[in-house]
Amino acid sequence: MEVDKAVGLPRLSRVAVCGGTHGNELSGVYLVRELLKEEKEEEEKEQKPLSVMLVLSNPWAVQQCRRYISTDLNRCFTHAMLNGPASDTTPYELLRSRQLNALLGPKGSPEAVDLICDLHNTTANMGLCFITYSDHDWICLHIFKYLQRQMPDIPMRYIHFDVSNKESYSLDSVGKHGFAMEIGPQPHGVVRSNIYTAMKSGVQHMLDWVRLFNSGTIFEGEYVDVFTMVKHIDYPRDRETGNIIAAVHPRLQACRPTSSSGTGVTRNVTPVEQFENICSLNMIHHSRMAAVFV
């Protein structure tokens with residue numbers, strides 16, 4: 001998508017950073033706790049930093065260091081699930097999603113927060129990824145490009161799920177703009193210092209961009225590679241039992257092989273890239289970013 005003229009967008013006056021949506025993905029949990037501590041210290045010093053809402057999304061799951069208690073919280077934010085009936089048997093995460101929707105939304109309304117950054121970890125060796133439901137959200141695209149400049153040593157990808165607003169199911173879809181920041185590799189239930197540091201830097205740079213944007217800075221248009229999900233490919237399974245009968249090949253598992261680019265230059269590619277190239281899971285297209293001003 002290409003835009004040749006400047007695009008004016010309103011200020012991002014309400015920003016939310018969420019961690020612990022999955023209770024065993026600990027980088028976001030520890031980062032939100034650290035930011036809450038820093039926020040308290042800044043209030044005591046009567047400083048006035050950028051106003052950011054810090055949310056520990058699934059405290060029960062965090063307490064037990066589990067992905068979820070009853071059902072995956074990050075699949076509970078469709079319009080149907082947020083607005084359906086509730087009873088004594090309603091799963092905890094579904095009730096929690098409605099609490100978060102009331103706090104950060106309501107989803108799709110003018111009252112929703114302007115930007116949600118939901119923090120996640122993955123066991124995959126995929127660097128830092130933005131996961132969004134739009135390939136033309138200028139706010140998310142510009143933030144991603146800014147992080148690429150500020151963190152050149154960390155591989156980054158912008159992943160797009162082509163799902164409608166009503167069917168979008170994750171916490172970040174509640175905001176007017178939103179993305180999941182997913183960083184790996186990190187085993188569940190532990191914190192790796194390099195992954196935590198990368199996430200902290202990513203969030204700090206994201207907030208720096210918001211400050212620049214709100215101050216009236218103009219951002220020139222550029223290109224971003226967007227990976228759009230086409231389909232899921234399951235593991236091979238036994239026809240009778242349905243059990244998985246294969247594993248990821250050692251050449252692809254947790255390694256960074258090199259591949260010729262066809263230009264005489266050898267470059268590093270991640271297992272995710274190789275898997276995409278071999279299986280043709282994803283399409284790559286280019287989105288033209290607009291110059292944005294307040």
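This is a predicted model: local features need pLDDT of at least 70, side-chain atom pairs count only at pLDDT 80 or more; totals for chains, interfaces and linings use all residues.
Local features need pLDDT of at least 70 and side-chain atom pairs count only at pLDDT 80 or more, while totals for chains, interfaces and linings use all residues. Residues are numbered from 1 along each chain as its sequence is written, and side-chain values use heavy atoms, leaving out hydrogens and water.

Glu182 lies in strand β7, residues 177-184 (strands are DSSP runs of E, at least two residues, numbered from the N terminus). Glu182 counts as buried because its relative accessibility is 17% (buried means under 20% relative accessible area, exposed over 50%, partly exposed in between, with a 1.4 Å probe and protein chains only).

Next comes Ser173. Ser173 sits in the loop between β6 (156-160) and β7. Ser173 is also buried, at 7% relative accessible area. Its contacts, not counting residues up to four places away in sequence, are Phe77, Lys107, Tyr133, Asn165 and Ser168. The C-alpha atoms of Ser173 and Gly108 are 8.6 Å apart, although 65 residues separate them along the chain.

Last, the surface. Tyr235 lies in the loop between β8 (223-229) and β9 (258-260). Tyr235 is partly exposed, since its relative accessible area is 40%.

Definitions and conventions:
Helices (H or I, at least four residues) and strands (E, at least two) are DSSP runs, numbered from the N terminus. Contact means heavy atoms within 4.5 Å.
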